[in-house]
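Here are a few friendly comments to read alongside the model. I have kept them as numbered points so that you can check each one on screen.

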Amino acid sequence: MAKTLAMVFGVVFVLVGLLGFFDNPIVGMNGFFQTDLLHNLVHLIVGVVLLGVAMMAAEQSALALKVFGVVYLLVAVLGFVATTDGKILGLITANTWDHYLHIVLGVVLVAAGFMGNKSSSPMPMAGQM
């Protein structure tokens, strides 16, 4: 399941990263979620990495989901405390909606990493071992 989740999130991140390069009302310099070139590139890189690990074992996919989840939670905190002139640490353009989205993404990615670790096969009952 972790491989599937990493693949789904990878595709979403790549699509969002690409969308940020085109004028639209959702993501970009004039979008609801404000992004710049660096922010769009981060989305693309995260997406490509998730797609790459989705091709590996489930353990790597689950770990990558957890790591990116924690990173997004840290970025959210930085967004709220270390944003000047609309840039996180003076590097990446983001607005308040981005910060809240980063919290949601962080929680969802960490949860997906833990959910993806669970085996889909039923556990043997006592006496069946």
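**Notes on helices, sheet and loops**

1. Let me begin with a loop residue. Leu89 has a relative accessible area of 51%, and because the cut-off for exposed is over 50%, Leu89 counts as exposed. Leu89 belongs to the loop that runs between S4 and S5. Please look at its backbone too: Leu89 is not a glycine, yet its phi is positive, near 55°. Bear in mind that this is a predicted model.

2. As background, most residues other than glycine have a negative phi. With a relative accessible area of 81%, Asp85 is exposed.

3. Now for the strands around these loops. The sheet is open and consists of three strands in the order S3-S4-S5, with antiparallel pairing. Strand S3 (83–84) and S5 are the edge strands, each pairing on one side only. Between S3 and strand S4 (residues 87–88) there are two bridges, again in the antiparallel sense. If you want a landmark there, Thr84 stands opposite Lys87 in S4.

4. What surrounds Asn95, leaving aside its neighbours within four places in sequence? Asn95 is in contact with Phe32, Phe33 and Gln34. Its place is the loop between strand S5 (92–93) and H4. The relative accessibility of Asn95 is 15%, and since buried means under 20%, Asn95 counts as buried.

5. Turning to the helices, I would start with helix H2 (residues 37–54) and helix H3 (residues 58–81). Their axes come within 8 Å and cross at roughly 160°. Angles over 145 degrees count as roughly antiparallel, so H2 is roughly antiparallel to H3. The crossing in which H2 passes H3 is left-handed.

6. From H2 come Val42, His43, Val46, Val49, Leu50, Val53 and Ala54, and they meet Gln60, Ser61, Ala64, Leu65, Phe68 and Tyr72 in H3. By class, this contact of H2 with H3 holds ten nonpolar and three polar residues, and no charged ones.

7. Helix H1 (residues 2–19) and helix H4 (residues 96–117) make another pair to inspect. Their axes lie 8 Å apart and the packing angle is about 155°. H1 and H4 are therefore roughly antiparallel to each other. On the H1 side the contact is made by Ala2, Leu5, Phe9 and Phe13, and on the H4 side by Leu105, Val108, Leu109, Ala112 and Gly116. The contact of H1 with H4 divides into eight nonpolar residues, one polar residue and no charged ones.

8. One last item concerns H3. How many residues apart in sequence are Glu59 and Asn117, and what is their C-alpha to C-alpha separation in space? They are 58 residues apart in sequence and 6.9 Å apart in space. Glu59 lies in helix H3. Is Glu59 buried or exposed? At 58% relative accessibility, Glu59 counts as exposed.

Note on methods: Residues are numbered from 1 along each chain as its sequence is written. This is a predicted model: local features need pLDDT of at least 70, side-chain atom pairs count only at pLDDT 80 or more; totals for chains, interfaces and linings use all residues. Side-chain values use heavy atoms; hydrogens and water are left out. Axes are lines fitted to C-alpha atoms, for helices over the stretch in contact, and angles run from 0 to 180 degrees between N-to-C directions. Helices (H or I, at least four residues) and strands (E, at least two) are DSSP runs, numbered from the N terminus. Angles under 35 degrees count as roughly parallel, over 145 as roughly antiparallel, 65 to 115 as roughly perpendicular and the rest as oblique. A crossing is left-handed if the near helix is turned anticlockwise from the far one by less than a right angle, and right-handed if clockwise. Contact means heavy atoms within 4.5 Å. Ala, Val, Leu, Ile, Met, Phe, Trp, Tyr, Cys and Pro count as nonpolar, Asp, Glu, Lys and Arg as charged, and the others, Gly among them, as polar. Buried means under 20% relative accessible area, exposed over 50%, partly exposed in between (1.4 Å probe, protein chains only). Two strands pair if DSSP finds at least two bridges between them.
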